[in-house]
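Trainee: I have a new model open and I'd like to learn how to read it. Can we go through it together?

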Amino acid sequence: MDLDVFVTAHHAEWDRLDHLLRRGRRLTGAEADELVALYQRAATHLSLVQSTAPDPTLTARLTHLVARARATVTGTRRASWRDATRFLTAGFPAAIYRTRHWWVPTAVLSIAVAALIGWWIGSHPEVQSAIAAPAELRDMTRPGGQYETYYSSHPAASFAAQVWTNNAQAAAMCLVLGAFLCFPVLWILFLNMLNLGVAIGLMSSAGRLDVFLGLVIPHGLLELTAVFVAAGTGLRLGWTLIDPGPRTRRAALAEEGRAALGMAIGLALVLFVSGLIEGFVTPSGLPTWARIAIGVAAELAFLAYVYILGGRAARAGDRGDVEESDRSAELPTAA
């Protein structure tokens, strides 16, 4: 394409579009229609320049012009309670539902790894002695030891806040670091399962596994599910870089990244509930069966939320992304 001829042929349209944009809201109906038509043509011109003759100066001018025109045509909107309601009832559960093929296998494999580590440690005294001295192991696993008093070592409110902050950070790291080809997510997940497996193995060797599970299950079901969702979403985000599918890699990463950002906010709320259970229910004087029942009820409510509300929203086309009107325009690609 001859760039000089192209500019000569279309600069009048760009100047006219710039003139209409400067007038802002003082446009007649015909001028508003003209602005939309010129915006669409300028977007096409920008695509042609980028794909056939990427001149930096012209590209910058047209990019700025198209961005201004799009802002004028689509308008601006403020977040409202309607957006928050839509996010909680459709967008967030739909995003989790769409990634279930990632986080469900992640959960199954992770639990299997933790159980395997626990069995290995519990059945091999030499491994236990490599972890800590016998006196330290007894202090951790005895009645009233560190594993039991951990959940009541601080005031419930401050402990719940601390747990929520730590878990939210771990979930956010899984979501963000997924863009680095999955490896950091796998490492974070392994460390979490290693800690769980060590605790299972040591308490099992002391004959007190039932006590440990009675302390972990009430909050652990929901907490670990949130971590598995974050890890599965991070792995999906990393895989998008490797295989974006029919979308361009940039568009695929933008779409999945926006959904992951929304999930980070939603999972923070889920982990807040888990933190409340860990801070107020786990160390409470309730019988073990009551504490476990509360944890199971919270987990079932979350799964129903995902598979009923999320499944319905996903089948209706919600991908957990922002609304189409709020996305960046994807310019047509010249053949």
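Trainee: What should I know about the model and its numbering?

Mentor: This is a predicted model, where local features need pLDDT of at least 70, side-chain atom pairs count only at pLDDT 80 or more, and totals for chains, interfaces and linings use all residues. Residues are numbered from 1 along each chain as its sequence is written, and side-chain values use heavy atoms, with hydrogens and water left out.

Trainee: How many helices and strands does the protein chain have?

Mentor: Both are DSSP runs numbered from the N terminus: helices are H or I with at least four residues, strands are E with at least two. Here you get 13 helices and zero strands.

Trainee: Which residues does UniProt list for "transmembrane region"?

Mentor: The unreviewed UniProt entry lists 102-121, 170-191, 211-238, 259-277 and 289-309. UniProt positions are given in the numbering used here, feature names are shortened, and annotations may be inferred rather than shown by experiment. In the model, residues 211-238 are 100% helix, with end C-alpha atoms 38 Å apart. Residues 289-309 are also 100% helix, and there the end C-alpha atoms lie 29 Å apart.

Trainee: At what angle do helix 11 and helix 13 pack?

Mentor: Axes are lines fitted to C-alpha atoms, for helices over the stretch in contact, and angles run from 0 to 180 degrees between N-to-C directions. Helix 11 (residues 209-242) and helix 13 (residues 288-315) pack at about 10°, with axes 7 Å apart. Angles under 35 degrees count as roughly parallel, over 145 as roughly antiparallel, 65 to 115 as roughly perpendicular and the rest as oblique. So helix 11 and helix 13 are roughly parallel to each other. Their contact includes Gly214 and Pro218 of helix 11, and Gly295 and Phe302 of helix 13.

Trainee: How do helix 10 and helix 11 compare in class of contact residues?

Mentor: Helix 10 (residues 183-205) packs with helix 11 at about 170°, their axes 11 Å apart. That makes helix 10 roughly antiparallel to helix 11. For classes, Ala, Val, Leu, Ile, Met, Phe, Trp, Tyr, Cys and Pro count as nonpolar, Asp, Glu, Lys and Arg as charged, and the others, Gly among them, as polar. The contact of helix 10 with helix 11 has 15 nonpolar, two polar and no charged residues.

Trainee: Is Ser110 buried or exposed?

Mentor: Buried means under 20% relative accessible area, exposed over 50%, and partly exposed in between (1.4 Å probe, protein chains only). Ser110 sits in helix 5 (residues 100-122), and at 6% relative accessibility it counts as buried. Leaving aside neighbours within four places in sequence, Ser110 is in contact with Leu189, Met193 and Phe228. Across the whole chain of 335 residues, 40% count as buried.

Trainee: And what is Arg236 in contact with?

Mentor: Arg236 is found in helix 11, and this arginine is buried too, with a relative accessible area of 18%. Apart from neighbours within four places in sequence, Arg236 is in contact with Arg98, Thr99, Trp102 and Glu256.

Notes: Contact = heavy atoms within 4.5 Å.
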